Amino acid sequence: MKFRYKVLMVNLIALSLSLGVVGYLMIRRNFELGRDTQVKNAIMENNLVQSSVEYELLQLMNTAGGRDEVISGLKKIGERVVGGMLADSSSVYVRHGDDYVYSSDKKEAFIDDSLYSDLNIGGKNYMICKEDGQYFIYVTSYSKALGSNLYIVSKQEISDVYRMLEEQTRYFRMLIAGVILAVSVIMYFVSVYLTRPLEKLNRVTGEITAGNYDVHVSVTGGDEVGQLAGNVNIMADAVLKHVEELKEMIQSREQFVADFTHEIKTPMTTIIGYSDMLRSMELSREEQILAANYIFSEGKRLEVMSGKLFELLYLKRHDLKMGPVHVDDLERELRRITEPMLEHKRIELRTDIEPAVLEGDKDLLVTVFVNLIDNARKASKEGSAVGLVGRKLRKDAYYELRVVDRGIGMSQEDVKHICDEFYMVDKSRSRKEGGAGLGLSLSALILERHRAVLHVESSLGEGTTMRVVFYENEKMVSEDEEISE
Amino acid sequence: MIRILIVEDEKPISDLILWNLTKAGYCCTCAYDGLEAADILEDRRFDLIILDVMLPHISGYELMEYIRSLEIPVIFLTAKSSLEDRMKGLTSGAEDYMVKPFEIVELLARVNIVLRRYRKAERCLKFRDIAVDVENQRVTRDGREIVLTPKELELLELLMRNRNITLFRERIYEEIWGAEYSVESRTLDLHIQRLRRKLGLEESIKTVFKVGYRMEDTDEVSV
């Protein structure tokens, strides 16, 4: 059953129950009050009749002689008293002993025996009877006269009170029917109004289930439904964001696998091709050496690639050993490692370091800067210099390390892609140097884990500056995470 | 002489193709990126282009647009082996499509097939006193016609086209019978024996122990 119908039903049941009870009690009370008044009136009338009859009877007893005379006189007294004061609808019966000595309506009235039982002298009994669709009240008073019981019974019609009860009940029923009808209509519209946002929510969650995450509920208001709508919107946004992140992740994975397969195909082709030549052709000694050398160098390249790949995967999965790293120590270590390979091209490493303590994994930071310096070396001409500059910074970025070269530089297109896996600015040269196209993506990943960002500034023929900026807290990194050009 | 342009940015692979095609008797020129290839194509005519898809500056597909107007057959060379890439390669107008890594025999066979399709391949193969008329499927020795079965003829052609190259059993089965090589099968040995006897090639078709056969042309100077 729909929620709106439930609301409607519950309200209607509660309303009709309460209205019914209240109405019933009101009518009942009203009726009782009316009936009590009637009973009082009847008793008063009976009192009047009784006192008149008793008064006349006393006088008669004083004047008359015998008992029979008094009893026959009693009938006359009845007529006189009753004739003077009775209303049309009322009757009076006088009973002396077991005989009815007087009946005002000349009828043998049906009088229940209970009217006469348990009566004391001066006491009254009354009862209400229904005769021929009319209601009558009988009031009995009791006294002793001439050695016998004297009962004076007055009868009065009180149908009005009952008619009124019926009238009120009927009126009330009509009233309650009308009210419930009216309230149902109003409640229906109210519940429709109240549940409309729920229906909207329902539709939206249905769409989300069906896979359409880019939806919003246009429900406002501070009530629970409004809050729920707000939360559903937040949820939809979050789901959308996550799904998009997942999609991006899958895409980058696929791209990575595609790049990897492509990258591995080149050494494979070379190795298979030259070994095929070696096994199936008569080659001269020189040709054999040439072919074997290609196989050897491409095999080496595969080895470098697998090593870097392993590092990349390892880094993505594992935590770093973070600790304080003195920039001076870092500089010494870098000098020690890079000097032999720089010497090869007679390149000088010029350092200008402001002392500071970085937070990070020293070995990995060394890997990053060896990589950057090696890149600078590859780009530089023989006999030139590579700079390593360290500067303290203010605000959120607290330190900056620059690797500067005056080498061949890169185009803006290359700068955009240099952190992509397997991207090489100059393939043939990079291959010759034993590159796998993974160095910078590895470095970028390490730096990301250090809350540091790599900025690359380069122009063709003028050289390249690689700026590594260390940030205090994570938030700034993500906001600032773009490679400036 | 048939001229082939090799467009491939990976030096080792470019060298490999150059080396083998030169040995097979073609005249080759190398270009290491799309722009260089376009420049070379402006000046000179070629009979065939071997084109790598992934090239710096201009991709193979882009270069293909330019080549199409020249009506030169193209064999695509690519590291991508998915069906989509094959379709893209072939629908872009390439004659054939070769996936890295490839074997030398496969390269030579494909080059030959494409050239034959363009009627640029040699109509007649010659080896000493033997001449094979490829189009008419006729073999003559010293002017006298020799009757060969179709399989024998195919095998002879394969050996003659790949002279001085050891043809491995697997490769021969794949090329001639199109089937997987099985160790027990003596079919190949039987065919080789009959070829030797019919054409007097006992000396020229060498058995490479346990591996395969090689047709040796001692007069030819290795490149």
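Let's start with two neighbouring strands in chain B: strand E7 (residues 130-133) and strand E8 (residues 138-141) pair in the antiparallel sense over 4 bridges. Two strands count as paired if DSSP finds at least two bridges between them. Strands themselves are DSSP runs of E with at least two residues, while helices are runs of H or I with at least four, and both are numbered from the N terminus. To see one pair of facing residues, look for B:Ala131, which stands opposite B:Thr140 in E8(B).

Before going on, a word about what you are looking at. This is a predicted model, so local features are described only where pLDDT is at least 70 and side-chain atom pairs only at pLDDT 80 or more, whereas totals for chains, interfaces and linings use all residues. Residues are numbered from 1 along each chain as its sequence is written, and chains are lettered from A and ligands numbered from 1 in the order in which they are written.

Now find the loop between E8 and E9 of chain B, where B:Asp142 sits. The phi of B:Asp142 is near 60 degrees, a positive value in a residue other than glycine. Is B:Asp142 buried or exposed? B:Asp142 counts as exposed because it has 10 C-beta neighbours inside 10 Å. The cut-offs go like this: 20 or more other C-beta atoms within 10 Å of a residue's own makes it buried, 12 or fewer makes it exposed, and anything in between is partly exposed, with C-beta atoms placed from the backbone.

Chain B has another open sheet to visit, with 3 antiparallel strands in the order E10-E12-E11. Strand E10 (167-168) and E11 of chain B stand at the edges with a single partner strand each, so one side of each has no neighbour in the sheet. E10(B) is joined to strand E12 (residues 212-215) of chain B by 2 bridges, and the two run antiparallel. Here B:Phe168 has B:Gly212 in E12(B) as its bridge partner.

With 18 other C-beta atoms within 10 Å, B:Ile205 is partly exposed. Leaving out residues up to four places away in sequence, B:Ile205 touches B:Leu159, B:Ile192, B:Leu195, B:Arg196, B:Tyr213 and B:Met215. Touching, or being in contact, means that the C-beta atoms of two residues, placed from the backbone, lie within 7 Å. B:Leu195 is 10 residues away from B:Ile205 in sequence, and their C-alpha atoms are 9.0 Å apart.

Elsewhere in chain B there's a cis peptide bond, from B:Lys100 to B:Pro101, with omega near -10 degrees. B:Pro101 lies in the loop between strand E5 (96-99) and helix H5 (104-117) of chain B.

Stepping back, chain B has 8 helices and 12 strands, and 33% of its 223 residues count as buried. Chain B also meets chain A: 21 residues of chain B are in contact with 21 residues of chain A. Helix H1 (residues 11-23) gives the most to chain B's side, with 5 residues. By class, that side has 11 nonpolar, 4 polar and 6 charged residues. (Nonpolar covers Ala, Val, Leu, Ile, Met, Phe, Trp, Tyr, Cys and Pro; charged covers Asp, Glu, Lys and Arg; the others, Gly among them, are polar.)

Finally, hop over to chain A. Strand E7 (residues 348-353) and strand E9 (residues 385-392) of chain A run parallel, joined by 6 bridges, and A:Ile353 stands opposite A:Gly390 in E9(A). E9(A) also pairs with strand E10 (residues 397-405) of chain A, in the antiparallel sense over 7 bridges. There, A:Lys392 has A:Tyr399 in E10(A) as its bridge partner. E9(A) and E10(A) form a hairpin with 4 residues between them, and A:Lys395 in the turn has a positive phi of about 60 degrees.
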